[in-house]
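Let's take a friendly look at the charged side-chain pairs in this protein. Have the model open beside you as you read.

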Amino acid sequence: MAENQSNSSTGMSSNVTHKRRCPWEAESLNNPAKIHDSSSEHRRRGNANELNVTSSKPCIHLYKGKIDEFHINNLPENLLLCIFKKLPLYDLLHRMALVCQYWNKLSKDQDLWRNIDLRTHMKVNDVILLKLLSYSDNVTSLNITDVRLVTTIGFQASLNQCTRLKCLVANRCQQLTEPAFSSIGLHCRMLTKLCLDSCYAVTDAS
């Protein structure tokens, strides 16, 4: 009977010694918070490996389809033109036209050049003015206030292209002579607004 007891005790001790704890199990018993942090770190690394990205770089390629879907060029053309009408003249010619071929084409659309305002562009000359007016055959408003490089000949040629002009502002264009103002009545029959402040060459005949 004593022998059986010793055997049973030996068996129990062998069962107890057989269940050895792994190092991380022992560590988790001593420090549960640390093993929780390490498991969280392991999950984060596993997710990063699945996505094939690192935590320091944005996951751009996952949203590539969405970015293409909502690209600005997917907007209707008339809506894009409404947006581009808000751009200043310099941005329209020197920035927007260089973005892509599609925007370069839109930058010369007739709807963008019906109202031409050159008040802050004092370097505009006859060649540039005629080039801008050639983009549209339906220019209804032209403002060349303080543009001193436009000559009388260039002004006459511009009015010859703008037969549907309704508003003309040429304040302080003192370089223009009497024939320039006479051509206004010849070519601009639909004119409803005319501003010629400080244009001293205007005579009774013109």
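## Salt bridges overall

The structure holds 4 salt bridges, a salt bridge being a side-chain nitrogen of Lys or Arg within 4 Å of a carboxyl oxygen of Asp or Glu. This is a predicted model, where local features need pLDDT of at least 70, side-chain atom pairs count only at pLDDT 80 or more, and totals for chains, interfaces and linings use all residues. Residues are numbered from 1 along each chain as its sequence is written, and side-chain values use heavy atoms, with hydrogens and water left out.

## Arg-95 and Asp-91

In one of these pairs, Arg-95 meets Asp-91, with 3.1 Å between the closest N and O atoms. (Buried means under 20% relative accessible area, exposed over 50%, and partly exposed in between, using a 1.4 Å probe and protein chains only.)

## Arg-119 and Asp-117

Arg-119 pairs with Asp-117, and their closest N and O atoms are 2.5 Å apart. Arg-119 is partly exposed at 45% relative accessibility, and Asp-117 is also partly exposed, at 33%.

## Arg-172 and Asp-146

Next, look at Arg-172, which forms a salt bridge with Asp-146 at 2.7 Å between the closest N and O atoms. Arg-172 sits in the loop between β3 (167–169) and α10 (178–187), and Asp-146 in the loop between β2 (141–143) and α9 (152–161), so the pair ties together parts that are 26 residues apart in sequence. Helices (H or I, at least four residues) and strands (E, at least two) are DSSP runs, numbered from the N terminus.

Arg-172 is partly exposed at 34% relative accessibility, whereas Asp-146 is buried at 18%.
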